[in-house]
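Please open the model in your viewer and keep the selection panel at hand. The tour below moves from one selection to the next.

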Amino acid sequence: MREISIAIVGAGFSGLGMAIQLQKRGIHSFTIFEAADEVGGTWRDNHYPGCACDVPSHLYSFSFEPKPDWTRKYGEQHEIFEYLKDVTDRHGLREHIRFETPVVAARYDEDEARWHLTTGDGETATADVLVTGTGPLSVPTIPAVEGLARFTGPTFHSARWDHDVDLAGKRVAVVGTGASAIQLVPRIAPEVARLHLFQRTPPWVLPKPDRAFHPLEKRLFAAAPPLHRAYRYLTYWAREWSAFGFVAAPGVLDYASRFARRHVEAQVDDPALRDLVTPDYRMGCKRVLISNDYYPALNRENVEVVPHGLSHVTERAVIASDGSEREVDAIVFATGFDVRAFLNGIEVRGRGGRTLDEAWADGAEAYYGLLVSGFPNLYTLLGPNTGLGHNSMVFMIEAQVRYVLQCLERMRREDLASLEVRADDQRAFDDSVQERLGHTVWSTGCQSWYLDENGRNFTLWPGFTFEYWLRTRRPDRRHFRAEPRRRSRAVAQSSRAVADGDRVGGAPRRV
Ligand code: NAP
């Protein structure tokens with residue numbers, strides 16, 4: 001049977017998960033293109049002090065690569081990063097990865113039914129199928145703050161932490177109070193001279209039920225895989241039920257917000273500060289955060305919550321939007337990511353040379369977040385509307401990988417050149433997603449990175465994750481346009497070249 005060549009972009013959870021499952025099915029004709037010099041994706045790039053996951057470790061890992069000895073209930077960055085490196089080595093994936101090779105452009109050739117990729121150094125490669133695992137949170141955003149270029153001290157983004165800058169004894173401005181900021185502020189607060197925290201919108205913060213695993217628990221999980229699996233299932237369902245509040249009955253979250261208020265009251269000493277950090281929008285509308293040390297850090301004498309955005313910057317000072325000025329030595333931007341850069345700025349051209357940006361001019365949408373009409377044989381892992389506010393993204397990745405595998409299997413079985421979602425089915429899918437999102441807590445009036453500039457939620461899945469899992473169990477043939485392969489010697493030869501991983505003369509390198 002013909003080998004299908006597959007180009008995977010990104011060696012984070014998505015790309016590695018895809019690669020492992022391909023190998024498990026005996027498919028080895030794939031290459032992973034990775035811009036960096038190591039695997040790990042977001043867990044390689046984010047290494048700011050305190051970086052950890054707010055989804056329990058036993059769930060935030062591959063179901064097919066269990067790790068019984070997670071140190072803590074909520075994994076820290078270095079342990080998750082090590083896990084991904086271990087998984088890569090255990091599966092011998094490094095030989096499939098082209099490190100420091102960013103894909104900058106991908107063009108679908110309709111005659112050949114093949115993707116032509118261009119990498120950062122101008123090399124080209126071709127593949128029958130393109131799978132992107134670029135992650136929705138990989139392009140850091142620093143707001144266009146006037147005067148920033150004039151600032152004389154160091155400035156950096158939380159996702160590009162500069163460990164050469166010693167913040168000890170310095171006056172530091174931290175901009176933003178999202179998931180990253182609330183993890184890093186407690187770590188740097190004890191060492192800096194002053195910390196000015198620019199808070200535009202306070203987050204809802206619940207206690208973090210974190211703890212270290214007892215050595216006995218780790219031994220038990222290792223010795224009894226069924227017990228370990230049961231623990232994972234329990235953890236999954238404990239998180240899954242909370243989706244009810246997000247997607248079905250936002251009123252339920254009002255009860256949870258009482259716990260959050262009690263958390264503020266228990267941890268913040270000063271009533272004025274308590275008011276400043278208590279949100280006035282519905283809980284869940286922005287990502288709900290968990291922390292036990294964020295509020296205590298705000299109590300510190302050397303920490304000031306500035307209840308304003310950052311307006312502009314001078315050589316030595318940061319100016320808040322109320323005009324107040326603070327002299328600082330360094331600025332840390334914990335200002336989030338460009339979620340619109342779904343494919344990390346890769347110029348993707350589908351049928352008729354149309355770019356994905358053009359297709360998404362009115363908002364990003366994809367059938368199950370994975371397939372876009374006009375872009376045959378392209379699968380966008382963690383694409384539009386597959387993000388979550390309540391459960392593990394690794395679960396979504398696994399469901400998507402399973403779906404892609406079935407599409408590949410169908411291509412092989414039926415000897416297809418391409419598979420593509422039908423435009424009307426994509427439209428119907430997106431309409432239903434958008435209709436449902438209108439009833440969720442994310443549409444209750446706050447501003448968040450879940451929404452685009454028109455208020456359209458293009459990031460989150462509107463339901464339970466088990467629903468996504470069930471609905472993606474089998475691709476629905478009726479929703480696809482399938483093109484049979486044209487039999488020609490050239491194609492047959494190139495298929496063999498793909499299988500052997502050969503370079504075909506001076507032609508583009510095949511993966
Ligand atoms: P974020 O949630 O987008 O937060 C960005 C913060 O910057 C917000 O508080 C925002 O205020 C603020 N901001 C932006 N421009 C500003 C300005 N000019 N002046 C003042 N404040 C400004 O980014 P993030 O904290 O990096 O988190 C992004 C996502 O990454 C999270 O939602 C989560 O999905 C993921 N993450 C997960 C973990 C984890 O534990 N699993 C940890 C870190 C990140 P507004 O709220 O007013 O816009």
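At what angle do helix α5 (residues 215-223) and helix α6 (residues 225-240) pack, and how far apart are their axes? Bearing in mind that this is a predicted model, select both helices and look at their packing: the angle is about 110°, and the axes lie 5 Å apart. Because angles of 65 to 115 degrees count as roughly perpendicular, α5 is described as roughly perpendicular to α6. To see where the two helices meet, show the side chains of L220, F221, A222 and A223 in α5 together with those of P225, L227, H228 and Y231 in α6. Sorted by class, this contact of α5 with α6 comprises 7 nonpolar residues and 1 polar residue, with no charged residues.

Next, select helix α8, residues 251-267, which has 17 residues and reaches 25 Å from its first C-alpha to its last, close to the 24 Å expected at 1.5 Å a residue. Within α8, colour L253, S257, A260, H263, V264 and Q267, which are buried.

Is D430 buried or exposed? Its relative accessible area is 5%, so D430 counts as buried, the cut-off being under 20%.

Conventions: Residues are numbered from 1 along each chain as its sequence is written. This is a predicted model: local features need pLDDT of at least 70, side-chain atom pairs count only at pLDDT 80 or more; totals for chains, interfaces and linings use all residues. Side-chain values use heavy atoms; hydrogens and water are left out. Buried means under 20% relative accessible area, exposed over 50%, partly exposed in between (1.4 Å probe, protein chains only). Helices (H or I, at least four residues) and strands (E, at least two) are DSSP runs, numbered from the N terminus. The expected span of a helix is 1.5 Å times one less than its number of residues. Axes are lines fitted to C-alpha atoms, for helices over the stretch in contact, and angles run from 0 to 180 degrees between N-to-C directions. Angles under 35 degrees count as roughly parallel, over 145 as roughly antiparallel, 65 to 115 as roughly perpendicular and the rest as oblique. Contact means heavy atoms within 4.5 Å. Ala, Val, Leu, Ile, Met, Phe, Trp, Tyr, Cys and Pro count as nonpolar, Asp, Glu, Lys and Arg as charged, and the others, Gly among them, as polar.
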